[in-house]
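Dear colleague,

Please look through the structure before reading them.

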Amino acid sequence: MSHPEHTVRHSVPSAKPSSTSGRDALWGWLIGLLAGVVGLAPWWITGATLPLQNLWATRVMPAQMPTTLLPLSQYEATTILALLTVGGAVAGLAVRIWSPARRRLVTWSAVSGVLVVHLAATIQSFAVLREGLLPGSLSGLYFGGLLAGVIGCVLAALVALLLIASSSTVKATIGFGLMAIPVTSWAVVWVVNVVGFLNVPTAVPTVARWVPAVLVGCALAWCGLRPTRRAIAWVVNLVLLWLLPALFTAVQSVLGTRVLAGDIPAMLSMGRNVFGRALGPDGAALPTILLALVLGLTGVGARFVIARRNSLAAG
């Protein structure tokens, strides 16, 4: 009689880990789902009317364009990147703050949640776009280019999520640095869509220029310099702060011109030229890099002083 009781007594606790794992996975999935929605929210609050298309089959007014969950347009490339990658970053940050025991399970559940939102938005938006475009090879090139760009943005969102959610401080710091420019763009999109393009305060572009440096500086201060391998994150983030604004400028310049539309070699040549100039003195990256470095070093110094003071007080 005692043997069955012994079996029951040991079988009940064994169900608890499975139950807890399922609950954690569900919460991770919901985090990803909500984060994906938060990332796309600045576009959705506008009514999500598809931007006017140069290759649209019929002549319509802007308000007559159909609804799409993504603002598909070559002129909105950096906006699409910001909307999608911020969703991944928010999910990664939520997982990092939570720091669950089953971190890997929750992280990949969050990935699946973000993917549900991104894939649904992508499928719906491109289905609508395909319906309305003129037939022809140029429309096919435009459609394929946009689709490739959106897929790249979705992958970038997942990279940001995995880096920020990682238990590694170095990886998380690099993730924060990678997202400094997109987060700033996302915040600007919020401001523009809430107050209207014509009502945007004149200070917004100036502030937006310095926000990425502040974000990177805070990330470096949080990361610290000990152990010495964390210096890798400092180097990578400062390089990103130099390269990414130039890359954003080049992409927006190339895709924003109608003169070279469809001429791939000319567009690539223009992109290289703009990118090269933006990396040089014309890009004015040095002041922002110095600001991030000063903020990082100041933060590290302040943390050292506080830790030393606490140590002396405890002793």
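Once its neighbours within four places in sequence are set aside, T78 is in contact (heavy atoms within 4.5 Å) with F248 and Q252. Please keep in mind that this is a predicted model, in which local features need pLDDT of at least 70 and side-chain atom pairs count only at pLDDT 80 or more, while totals for chains, interfaces and linings use all residues. Residues are numbered from 1 along each chain as its sequence is written, and side-chain values use heavy atoms, with hydrogens and water left out.

T78 belongs to helix α2 (residues 77–98), where helices (H or I, at least four residues) are DSSP runs numbered from the N terminus. With a relative accessible area of 16%, T78 is buried, a term for residues under 20% relative accessible area, computed with a 1.4 Å probe on protein chains only. S139, found in helix α4 (residues 137–165), is also buried, its relative accessible area being 6%. Apart from neighbours within four places in sequence, S139 is in contact with L55, L133 and L134.

Turning to the helix pairs, two packed helices are described by the angle between their axes and the distance between the axes. Axes here are lines fitted to C-alpha atoms, for helices over the stretch in contact, and angles run from 0 to 180 degrees between N-to-C directions.

Helix α5 (residues 169–195) packs with helix α7 (residues 231–255) at an angle of about 20°, their axes being 9 Å apart. That makes α5 roughly parallel to α7, as angles under 35 degrees are counted. The crossing of α5 and α7 is right-handed, meaning that the near helix is turned clockwise from the far one by less than a right angle. On the α5 side the contact includes V170, I181 and S185, and on the α7 side it includes N237, L244 and F248. By class, the contact of α5 with α7 has 11 nonpolar, 4 polar and no charged residues.

Helix α6 (residues 203–223) and helix α9 (residues 285–314) pack at about 30°, with their axes 7 Å apart. That makes α6 roughly parallel to α9, and the crossing of α6 and α9 is right-handed. Among the residues that meet there are R209, W210 and L220 in α6, and L291, G299 and R303 in α9. The contact of α6 with α9 divides into 13 nonpolar, 4 polar and 2 charged residues. In these counts, Ala, Val, Leu, Ile, Met, Phe, Trp, Tyr, Cys and Pro are nonpolar, Asp, Glu, Lys and Arg are charged, and the others, Gly among them, are polar.

How values were computed
Helices (H or I, at least four residues) and strands (E, at least two) are DSSP runs, numbered from the N terminus. Angles under 35 degrees count as roughly parallel, over 145 as roughly antiparallel, 65 to 115 as roughly perpendicular and the rest as oblique. Buried means under 20% relative accessible area, exposed over 50%, partly exposed in between (1.4 Å probe, protein chains only).
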